[in-house]
Amino acid sequence: MKIKEVRELETKDLAERLQTEIAKYNQLKLNHSITPLENPSEIRTTRRNIARMKTVLRLRELNKE
């Protein structure tokens with residue numbers, strides 16, 4: 001997910017999407033610890049998507065004040 005796509009989402013939708021990504025990330029890490037994933041770079045991609053979403057949410061929070 002690109003930063004442009006993240007910025008276009010509503011705050012409520014972004015928060016829901018963030019929770020989904022965090023759950024996906026935790027599941028990927030668990031699965032990878034049991035048996036190696038075919039594409040371990042998916043963990044990094046998911047982690048970076050989470051960071052993008054948190055950044056946009058924080059910027060919106062700071063701009064409201």
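**A pair of packed helices**

Modeller: The crossing of helix 2 and helix 3 is left-handed, and since this is a predicted model, what follows describes computed geometry. Two packed helices are described by the angle between their axes and the distance between the axes. Here helix 2, residues 11-34, packs against helix 3, residues 41-64, at an angle of about 155 degrees, and their axes lie 9 Å apart. Because angles over 145 degrees count as roughly antiparallel, helix 2 is roughly antiparallel to helix 3.

On the side of helix 2, the residues in contact include L14, L18, Y25, L28 and H32, and those they meet in helix 3 include I43, I50, M53, L57 and R60.

Burial can be followed along each helix in turn. In helix 2, L14, L18, E21, Y25 and L28 are buried, and what covers the buried residues of helix 2 includes helix 1, residues 3-8, as well as helix 3. In helix 3, the buried residues are I43, T46, N49, I50, M53, V56 and L57, with helix 1 and helix 2 among what covers them.

As for length, the 24 residues of helix 2 should span 34 Å at 1.5 Å a residue, which agrees with the 35 Å between its end C-alpha atoms. For helix 3, 24 residues at 1.5 Å a residue should likewise span 34 Å, and its end C-alpha atoms are 35 Å apart, in agreement with that expectation.

Notes
Residues numbered from 1 in each chain as written. Predicted model: local features only at pLDDT ≥ 70, side-chain atom pairs only at ≥ 80, totals over all residues. Heavy atoms only, no water. Axes fitted to C-alpha atoms, helices over the stretch in contact; angles between N-to-C directions. Helix = DSSP H or I, 4+ residues; strand = E, 2+ residues; numbered from the N terminus. Parallel < 35°, antiparallel > 145°, perpendicular 65-115°, else oblique. Left-handed = near helix turned anticlockwise from the far one by under 90°. Contact = heavy atoms within 4.5 Å. Expected span 1.5 Å × (residues − 1). Buried < 20%, exposed > 50% of the residue type's maximum accessible area, 1.4 Å probe, protein only.
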